[in-house]
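I opened a new page for this structure and wrote down what I looked up, entry by entry.

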Amino acid sequence: MAEIRVLYIEDIADQREEMAGQLASRDFAVTVAESGESGVAVFQPGAFDLILCDLNMPGMDGLAVLKEIREHCPMTPFILLTAHATLAKAIEAVKLGAQDFVYKPVDLD
């Protein structure tokens with residue numbers, strides 16, 4: 001079975017390292033990005049099977065990343081992660097094409 005390739009975008013270093021380690025321990029091939037801008041820069045259509053992205057980041061936030069990636073690759077599954085969200089943000093994310101909106105801390109099981 002081929003590895004699932006994940007792009008994980010998170011601005012907080014300890015959260016980024018912890019989640020990337022958990023994903024890797026479950027045999028996901030993880031590419032990390034420390035900002036929305038760097039996530040968009042590393043993204044290539046067809047290069048990832050899943051995108052996990054923090055919602056609240058300085059500069060380009062998760063919704064902006066979602067909009068940008070959807071312009072180039074509308075079918076790649078995209079899940080937004082957040083510790084602080086509103087129903088309005090969740091609705092906006094789904095309208096923009098997010099498959100899910102998950103609250104942190106994430107339970108991978």
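The entries below go from the sheet to the helices and then to single residues.

**Ground rules.** I am working from a predicted model, in which local features need pLDDT of at least 70 and side-chain atom pairs count only at pLDDT 80 or more, while totals for chains, interfaces and linings use all residues. Residues are numbered from 1 along each chain as its sequence is written, and side-chain values use heavy atoms, with hydrogens and water left out. Helices (H or I, at least four residues) and strands (E, at least two) are DSSP runs, numbered from the N terminus.

**Sheet.** I looked up the strand order first. The sheet is open and has five strands in the order E2-E1-E3-E4-E5, with parallel pairing; two strands pair if DSSP finds at least two bridges between them. Strand E2 (28-33) and strand E5 (100-103) are at the edges with a single partner strand each, so one side of each has no neighbour in the sheet. On average, neighbouring strands are turned by 20 degrees against each other, direction ignored. Leu-7 has Ile-51 in E3 as its bridge partner.

**Helix H1.** H1 (residues 13-25) lies across E1, E2, E3 and E4 and runs at about 165 degrees to E2. Axes are lines fitted to C-alpha atoms, for helices over the stretch in contact, and angles run from 0 to 180 degrees between N-to-C directions. Which residues of H1 are buried? I found Arg-16, Met-19, Ala-20 and Leu-23; buried means under 20% relative accessible area, exposed over 50%, and partly exposed in between (1.4 Å probe, protein chains only). Seen down the axis, these buried residues fall within an arc of 100 degrees, so they line one face of H1. The arc is that of the directions from the helix axis to the C-beta atoms. Their cover includes E1, E2, E3 and E4. The face turned away from the buried side carries exposed Asp-14, Glu-17, Glu-18 and Ser-25.

Asp-27 sits in the loop between H1 and E2. Its phi is near 70 degrees, a positive value in a residue other than glycine. Asp-27 is exposed, with a relative accessible area of 56%.

**Helices H3 and H4.** H3 lies across E1, E3 and E4, at about 175 degrees to E4. H3 also packs with H4 (residues 87-95) at an angle of about 10 degrees, the axes being 10 Å apart. That makes the two helices roughly parallel, a term for angles under 35 degrees. Leu-63, Leu-66 and Lys-67 of H3 make the contact with Lys-89, Glu-92 and Ala-93 of H4, where contact means heavy atoms within 4.5 Å.

**Thr-31.** Thr-31 lies in strand E2 and is partly exposed at 28% relative accessibility. Leaving aside neighbours within four places in sequence, I found Thr-31 in contact with Val-6, Leu-7, Tyr-8, Val-42 and Phe-48. Thr-31 and Tyr-8 are 23 residues apart in sequence and 6.2 Å apart in space, C-alpha to C-alpha.

**Thr-76.** I found Thr-76 in the loop between H3 (62-72) and E4 (78-82). Is Thr-76 buried or exposed? Thr-76 is buried, with a relative accessible area of 6%. Not counting residues up to four places away in sequence, Thr-76 touches Phe-43, Phe-48, Asp-49, Leu-50, Ile-51, Arg-70 and Gln-99.

**Last entry.** Lys-104 and Pro-105 are joined by a cis peptide bond, with omega about -5 degrees. Pro-105 is in the segment after E5.

Note on methods: Parallel < 35°, antiparallel > 145°, perpendicular 65-115°, else oblique.
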